[in-house]
Amino acid sequence: MHVIGGTASTALAERISRELGNAPFAIPFTKRFPDGEMYVRIGGRLEGDDVVIVQSTRTDQDLLELLLLEDAVREAGARRTLVVVPYFGYARQDRRFFPGEPVSARALCRHVELDADAVVTVDLHSSQTLTHFKKPAFEASGIPAIARLLRERPLDVLVSPDKGGVDRARRMAETLDKPWFALEKRRIDSERVELSLPPTMPVLIEGKRAVILDDVISTGGTIVEAAKLLKRHGVATVSAACTHGLFLRDAFERIKAVVDEVYSTDTLVNPAEKASVAPDIAQILERQASA
Ligand code: R5P
């Protein structure tokens with residue numbers, strides 16, 4: 001098995017290659033043509049081999065690079081192409097909210113799987129998105145990676161910032177054997193949210209060390225408001241953990257101003273990367289290789 005690390009996921013790809021028993025690892029050559037078009041070239045002999053491409057699609061350019069890499073791998077005569085998209089961009093538009101909109105997640109699934117034999121991703125916004133793939137598609141969970149990290153950190157109670165994260169918080173709480181609860185969230189617009197404690201608190205939080213767990217930290221609005229609310233109610237320390245750390249604009253600094261620690265997995269390159277999903281992705285790839 002060969003592993004190719006796209007420019008958005010080079011370090012994670014290398015970690016995955018190590019998890020796969022030091023599978024040959026390569027970084028493609030990329031450049032821009034004078035008109036701005038992208039050029040990619042992969043080295044090494046791939047004929048008859050299984051090839052893993054690792055590339056998060058945070059930006060449209062990342063997505064384009066992934067599509068070009070898939071074609072290059074096919075051209076190089078690979079036996080099977082296993083595409084790993086640790087952060088699957090556009091996954092949050094997983095349905096048509098208003099008439100005239102696309103189901104962007106579905107559109108992306110169709111294109112990403114075009115030259116792939118299987119797709120692996122991590123913590124989709126909604127697991128329903130997997131149903132849009134016609135080829136075998138798998139979702140690794142960010143929970144084991146974050147749990148490995150949180151086991152070593154101070155933690156009394158886990159907090160989901162909204163109802164959408166209840167399942168994640170419950171699973172993490174079971175893994176770590178800690179209590180958990182969910183806040184109530186009302187989104188005002190794409191940057192602002194209003195949060196409150198649930199009407200009946202199932203857990204005593206005063207003086208406790210809380211970790212807020214989310215799938216994505218984007219503008220940071222959710223974490224900042226959640227942290228302020230918890231501190232107003234006497235929580236001793238507040239940390240934030242997420243699978244996908246986008247940290248748009250000054251989000252990381254704004255979060256650091258109100259929380260004690262920020263933890264993220266390495267699905268995206270960011271300043272809070274402290275846990276790796278490489279072992280969890282490698283496990284799925286190994287199962288595929290022997291299938
Ligand atoms: C929402 O459904 C997600 O789980 C996250 O809570 C949200 O994407 C975080 O966004 P932001 O950091 O912009 O508040």
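Which strand gives the most to the lining of the largest pocket? Read on for the answer, after a word on the model.

## About the model

This is a predicted model, in which local features need pLDDT of at least 70 and side-chain atom pairs count only at pLDDT 80 or more, while totals for chains, interfaces and linings use all residues. Residues are numbered from 1 along each chain as its sequence is written, and side-chain values use heavy atoms, with hydrogens and water left out.

## The largest pocket

β13 gives the most to this lining, with 4 residues. At least two residues each come from β11 (184–187), β13 (209–217) and α6 (221–232). (Helices, H or I with at least four residues, and strands, E with at least two, are DSSP runs numbered from the N terminus.)

The volume of the largest pocket is about 790 Å³. Its lining has 25 residues, and nearest the centre lie Arg 92, His 125, Asp 162, Lys 185 and Arg 187. By class, the lining holds 5 nonpolar, 9 polar and 11 charged residues. (Ala, Val, Leu, Ile, Met, Phe, Trp, Tyr, Cys and Pro count as nonpolar, Asp, Glu, Lys and Arg as charged, and the others, Gly among them, as polar.)

For your own comparisons: on a 1 Å grid over the protein atoms alone, a pocket is an open set of points where a 1.4 Å probe fits, with protein on both sides within 12 Å along at least five of seven lines, and lining residues have an atom within 4 Å of a point. Points are joined across faces, edges and corners, and a volume is the space filled by probe spheres set on them.

## The second largest pocket

The second largest pocket has a volume of about 240 Å³. It is lined by 14 residues, with Leu 124, Ser 127, Asp 167, Arg 168 and Arg 171 closest to its centre. Here α5 (166–176) and β8 (137–140) each supply at least two lining residues, and α5 gives the most, with 3. The lining divides into 3 nonpolar, 6 polar and 5 charged residues.

## The sheet and its helices

β8 also belongs to an open sheet of 6 strands with parallel pairing, in the order β2-β1-β5-β6-β7-β8. β2 (25–26) and β8 are at the edges with a single partner strand each, so one side of each has no neighbour in the sheet. β7 (118–122) pairs with β8 over 4 bridges (pairing needs at least two DSSP bridges), and Val 122 has Ala 140 as its bridge partner in β8.

Helix α1 (10–19) packs on this sheet, touching β1 (2–5), β2 and β5 (50–54), at about 165° to β1. (Contact means heavy atoms within 4.5 Å; axes are lines fitted to C-alpha atoms, for helices over the stretch in contact, with angles from 0 to 180 degrees between N-to-C directions.) Helix α8 (278–289) lies across β5, β6 (80–85), β7 and β8, and runs at about 155° to β8.
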